[in-house]
Amino acid sequence: MTKFSPKYIGVTQNPIIIVGEKPGTTRDNSTLALSGNRTGDFVHEAIGDRQNIILTNIVNEYYSGSFDHSRGLADGILELIELIETYKPSGIITLGQISHEYTMSIVHPYPVWNMPHPSYINRFYHSLRGDYIKRLQNEIDKRISVYT
């Protein structure tokens, strides 16, 4: 079991928090990515050189297989609550229904926008990869421009 901390990209004030499900392996299985198989590729491509972003997951420990509600969920939720309270984000972007449902279960006044999980796009709508990344970039840019 490997535990991961959120990744901070040039965080100043009121960052965007992007929430995935759980860390996963990269395509070549040599290292661990942000959240889920190939999810990190989509997210990092969308982020580009943008700053003031925090990347985290509902569960911040790596394990193989599908999302497991009994593995590290309580710790991950507490960490997300702490991030939200500490940084007062300009917005929260969730990747997939699981991260969206758990993020919405936390009482907070910050806007939450849900994107389909990148693995879903990769598996079933790979031709829409570029459109998905542009949508994610647009949402990040809208949230960043609120506080710049």
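**Overall fold**

The model is a predicted one. Its chain contains five helices and nine strands. Read from the N terminus, the elements follow the order β-β-β-β-β-α-β-β-α-β-α-β-α-α. The chain has 148 residues, and 49% of them count as buried. Among contacts with a separation of 6 or more, 64% are made by residues 24 or more positions apart. The accessible surface of the chain is about 7,700 Å², and carbon and sulfur atoms account for 51% of that area.

In soluble globular proteins, nonpolar side chains tend to be buried together. The largest nonpolar core in this chain has 17 residues, and the members that touch the most others are Ile18, Ile47, Ile53, Ile93, Leu136 and Ile140. Two or more residues of this core come from each of β3 (16-20), α1, β6, β8 (91-95) and α5.

With residues up to four places away in sequence left out, Ile53 touches Lys7, Tyr8, Ile9, Val11, Pro15, Ile16, Ile18, Ile47 and Ile140.

Asn52 is located in the loop between α1 and β6 (53-57). Its relative accessibility is 13%, so Asn52 counts as buried. Beyond its neighbours within four places in sequence, Asn52 is in contact with Ile9, Gly10, Val11, Thr12, Gln13, Asn14, Pro15 and Ile16.

**Aromatic pairs**

There are two aromatic pairs in the structure. In the pair formed by Tyr8 and Tyr87, the rings are tilted, with 5.9 Å from centre to centre and 45° between the planes. Tyr8 belongs to strand β2 (residues 7-9) and Tyr87 to helix α2 (residues 73-87), so this pair ties together parts that are 79 residues apart in sequence. Tyr8 is partly exposed, at a relative accessible area of 42%, and Tyr87 is also partly exposed, at 26%.

The other pair consists of Phe42 and Tyr132. Their ring centres are 5.5 Å apart and their planes stand at 85°, so the pair is edge-to-face. Phe42 lies in helix α1 (residues 39-47) and Tyr132 in helix α5 (residues 129-146), so that the pair links parts of the chain 90 residues apart. Phe42 counts as buried at 0% relative accessibility, and Tyr132 counts as buried at 4%.

| Pair | Centre to centre | Angle between planes | Arrangement |
|---|---|---|---|
| Tyr8 and Tyr87 | 5.9 Å | 45° | tilted |
| Phe42 and Tyr132 | 5.5 Å | 85° | edge-to-face |

Helix α3 (residues 97-104) has Ser99, His100, Tyr102 and Thr103 as its buried residues. An α-helix has 3.6 residues a turn, so residues three or four places apart point the same way. The cover over the buried residues of α3 includes β3, α2, β8 and β9 (112-115).

His108 is found in the loop between α3 and β9. This histidine counts as buried, at 17% relative accessibility. Two polar contacts involve its side chain. The side chain of His108 reaches the backbone oxygen of Thr103 at 3.5 Å, and a polar atom of that side chain lies 3.3 Å from the backbone nitrogen of Tyr110. When residues up to four places away in sequence are not counted, His108 touches Ile84, Ile92 and Thr103.

**Pro6**

Pro6 has its place in the loop between β1 (2-3) and β2. Its relative accessible area is 16%, and the residue is buried because the cut-off lies at 20%. Leaving aside neighbours within four places in sequence, Pro6 is in contact with Ile54, Leu55, Thr56 and Leu83. Pro6 and Leu83 are separated by 77 residues in sequence, while their C-alpha atoms are 9.0 Å apart in space.

Definitions and conventions. Residues numbered from 1 in each chain as written. Predicted model: local features only at pLDDT ≥ 70, side-chain atom pairs only at ≥ 80, totals over all residues. Heavy atoms only, no water. Phe/Tyr/Trp six-rings, centres within 6.5 Å; stacked < 30°, edge-to-face > 60°. Helix = DSSP H or I, 4+ residues; strand = E, 2+ residues; numbered from the N terminus. Buried < 20%, exposed > 50% of the residue type's maximum accessible area, 1.4 Å probe, protein only. Contact = heavy atoms within 4.5 Å. Core = buried A, V, L, I, M, F, W, Y, C linked by side-chain atoms within 4.5 Å. Areas by Shrake-Rupley, 256 points an atom, 1.4 Å probe, with all protein chains shown as cover. Polar contact = N/O pair within 3.5 Å; in protein donor to acceptor, adjacent residues only side chain to side chain.
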